[in-house]
Amino acid sequence: MNPKSAIFSQYLSDHEMEKITSDEKFIRRVLEFEIALAKEQSYLDIIPKKASEEIGRVLAELTISPEELRQGTLLNGVPILPLLELVKEKLSTESKTYLHFGATSQDAMDTAMVLMLREALGVINERLTTLEDNLSQLREKYGDTPCMARTRGQLAVPISFGDKIDAWLEPLKRHEKRLTTISKGALKIQLGGAAGNRAAYHEKGETLSDALASALKLSSGSSWHAQRDSLCELTNWLAIISSILGKMGADILVLAQSEINEVTENAEGGGKSSAMPHKNNPILSEALVALAKLNAGLQSQMLLCLIHTNERDATAWILEWSCVPQMLINTATSLGHAIAISKKVKVNTDNMRLNVERFKNQG
């Protein structure tokens, strides 16, 4: 079963994030990189202005399908070579020489990935804000309701439902603040050339990197071909978000158990059983837990990307191509489900109070 299949696409994936991480978007971002690179190089007299203008004009109008890159990617291990070959077919002899001048495939692919991350984080941050608002409203409405704390699976002492909501909401707020610092390091231009030292640009390498970063509205700095710590820190941020939501889902799974019945995940229905039509299974909460586990596993793969041998290591780099888009999709899916829960959940206040009274009466 494929989570991205039509059957599971709404439950275990996210349409908006699938578009952001799609091959079509990737190709467009690579072309965007090449256009900006040529333009900034011409400003610094690295390539002729005429060539830059032609590259910009042709690439802006060009559409390349993923299918056109499939065979070339199989032959070369990266899609940039077949992409550049297709572009060169549209350029004059002189301009062909200056396309992708001094850059390497990893520069184009990493920058395209960073542009993807920037767009994706905009969506994730927006959803995060919505979820925080919804949980705050839920707390305002039901926060004073007494309910039972449970430690190590057993009844502990009475608390308020607001205490439970805080355990979901406060980590989200803290983690949202962390993104400002983390994104500065991760959303950075990649321009290193053949071995990461921008040798093809001589003394103009740093200036070109700064100019290209400004044009693409990214951070600048040294090449990070084999330095994947900032990227891994960002994917860890994604994994933590999904794990915080996984904790929320795990709590709801307990609270929604028939013998506890303190919340109903979806008061509007859903979660039906083919054999037991009376049930309202907390299926979104189940997905939150599963998606958190999936992202935790993918983050363990991302840690292996830090073991990046020498100046370029495809065995480490390739792992990112699979992990990063999927982690974005998993995180967006989790946030979508958590927002739905925060809108549709029914808080069974009478049962919460009843369970507290039963506990008190035991003494």
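Residues are numbered from 1 along each chain as its sequence is written, and side-chain values use heavy atoms, with hydrogens and water left out. Because the model is predicted, local features need pLDDT of at least 70 and side-chain atom pairs count only at pLDDT 80 or more, while totals for chains, interfaces and linings use all residues.

**Overall build**

The protein chain has 13 helices and four strands. Helices (H or I, at least four residues) and strands (E, at least two) are DSSP runs, numbered from the N terminus. Along the principal axes, the C-alpha atoms of the protein chain fill a box of roughly 85 × 40 × 35 Å. Of its 363 residues, 50% count as buried. Here buried means under 20% relative accessible area, exposed means over 50%, and partly exposed is in between, with a 1.4 Å probe and protein chains only. A contact means heavy atoms within 4.5 Å. Among contacts in the protein chain between residues at least 6 apart in sequence, 77% join residues at least 24 apart.

**Two helices in contact**

Helix α4 (residues 66–76) packs against helix α5 (residues 80–88) at an angle of about 130°, and their axes are 7 Å apart. Axes are lines fitted to C-alpha atoms, for helices over the stretch in contact, and angles run from 0 to 180 degrees between N-to-C directions. This angle makes α4 oblique to α5. Angles under 35 degrees count as roughly parallel, over 145 as roughly antiparallel, 65 to 115 as roughly perpendicular and the rest as oblique. On the α4 side the contact is made by E68, L69, G72, T73 and N76, and on the α5 side by L81, P82, L83 and L86. By class, the contact has five nonpolar, three polar and one charged residues. Ala, Val, Leu, Ile, Met, Phe, Trp, Tyr, Cys and Pro count as nonpolar, Asp, Glu, Lys and Arg as charged, and the others, Gly among them, as polar.

**Cysteines**

A disulfide is a covalent bond between the sulfur atoms of two cysteines. In this model it is counted as a pair of cysteine sulfur atoms within 2.5 Å, and the count comes to zero. For C232, the nearest cysteine sulfur is that of C305, 6.9 Å away. For C305, the nearest is that of C323, 5.9 Å away. C232 counts as buried at 5% relative accessibility, and C305 counts as buried at 1%.

**Aromatic pairs**

A search of the whole structure finds three aromatic pairs. Rings of Phe, Tyr and Trp (its six-membered ring) pair if their centres lie within 6.5 Å; planes under 30 degrees apart count as stacked, over 60 as edge-to-face and the rest as tilted. Two of the pairs are tabulated here.

| Pair | Centre distance | Plane angle | Type |
|---|---|---|---|
| F161 and W168 | 6.3 Å | 85° | edge-to-face |
| W317 and W321 | 5.0 Å | 75° | edge-to-face |

F161 is buried at 1% relative accessibility, and W168 is buried at 3%. W317 and W321 are four residues apart in helix α12 (residues 314–344), so about one helical turn separates them. W317 is buried, with a relative accessible area of 4%, whereas W321 is partly exposed at 32%.

**Two loop residues**

R198 is not a glycine, yet has a positive phi of about 55°. R198 lies in the loop between α8 (161–186) and α9 (205–216), and is buried at 10% relative accessible area. N310, also not a glycine, has a positive phi of about 55°. N310 sits in the loop between α11 (283–304) and α12, and counts as exposed at 58% relative accessibility.
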